[in-house]
Amino acid sequence: MGFFDKLFGGKSKDENTAKFTNQSKTVLTPLQGKVLAQADIPDETFAQGILGPGIEPTGDTVYAPFDGTVTQIATTLHAVGITSNDGIELLIHVGMDTVDMKGQGFTALVKENQKVSAGTPLLKVDLDAVRAAGHPTATAIIVTDGAGDEVKMLAEGDVAPGTPLFKV
């Protein structure tokens, strides 16, 4: 914040988004929660670990995990696709079978083709609504194109948004 912002009550960064610092080929944790062991992800395909890690969310906001462009928002608002400025394509899929909720409990905070910085809020999710609908809240972080590179996990256990999650 500059002098005039301080003097006239300018905006300060949100507490969570201030934690985000973008790093090349690094995917930051997009939501508060606990990194799941692959076997603990409640979906057979995701649990194989071939698509990326999972997080059991405790926070209700999904943030951009790097600087890039929003490439897709599911019509049912349960998933967002984003491509980093250095070529990582990612899909953040909130909950399992949440497509059945037809958007209830989800709010998109960005639009397709929007440029975002690491830490930009992407989606809001009502975790209680997901649970009430009978769906697991486990969120899959899926690398849809990492340019053939291997995913190296950097975090485990409880994580805050902006924590380095994995490198591609």
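## A tour by selection

Select glycine 54 first: opposite this residue stands alanine 140 in β11. This is a predicted model, in which local features need pLDDT of at least 70 and side-chain atom pairs count only at pLDDT 80 or more, while totals for chains, interfaces and linings use all residues. Residues are numbered from 1 along each chain as its sequence is written, and side-chain values use heavy atoms, with hydrogens and water left out.

Strands (E, at least two residues) and helices (H or I, at least four) are DSSP runs, numbered from the N terminus. Two strands count as paired if DSSP finds at least two bridges between them.

**Glutamine 32**

Step to glutamine 32, in the loop between β1 (26-28) and β2. Which residue lies 129 places away in sequence but 5.1 Å away in space, C-alpha to C-alpha? That is proline 161. Not counting residues up to four places away, glutamine 32 touches Glu56, Pro57, Thr58, Gly59, Val159 and Pro161, where contact means heavy atoms within 4.5 Å. Its relative accessibility is 36%, so glutamine 32 counts as partly exposed; the class lies between buried (under 20% relative accessible area) and exposed (over 50%), with a 1.4 Å probe and protein chains only.

**Threonine 137**

Go to the loop between α3 (127-132) and β11 and select threonine 137. Buried or exposed? Threonine 137 is buried, because its relative accessibility is 3%. Its side chain makes a polar contact with the side chain of glutamate 56 at 2.2 Å. A polar contact is a pair of N or O atoms within 3.5 Å; within protein, one must be able to donate a hydrogen and the other to accept it, and residues adjacent in sequence count only if both atoms are side-chain atoms. Beyond four places in sequence, the contacts of threonine 137 include Ile55, Gly95 and Leu127.

**Salt bridges**

Counting a side-chain nitrogen of Lys or Arg within 4 Å of a carboxyl oxygen of Asp or Glu, there are 2 salt bridges. One joins aspartate 60 and lysine 124 (3.5 Å, N to O). Aspartate 60 is in the loop between β3 and β4 (61-63) and lysine 124 in strand β10 (residues 121-125), 64 residues apart. Aspartate 60 is partly exposed at 37%, and lysine 124 is partly exposed at 35%.

Then select aspartate 128 and arginine 131, whose side chains meet in a salt bridge at 3.2 Å, N to O. Both lie in helix α3, 3 residues apart, about one turn of the helix. Aspartate 128 is exposed at 56%; arginine 131 is partly exposed at 43%.

**The β1-β14-β12 sheet**

Show β1, β14 and β12 together: these 3 strands form an open antiparallel sheet in that order. The edge strands are β1 and β12 (152-153), each pairing on one side only. Between β12 and β14 (residues 164-167) there are 2 bridges, and methionine 153 stands opposite phenylalanine 166.

**Confidence**

Finally, colour by pLDDT, the predictor's confidence in each residue, from 0 to 100. The chain averages 83, and 75% of the residues score at least 70. Over residues 1-18 the pLDDT is below 50, and this stretch has 12 contacts beyond near neighbours in sequence. Where pLDDT is low, the predicted coordinates should not be read in detail.
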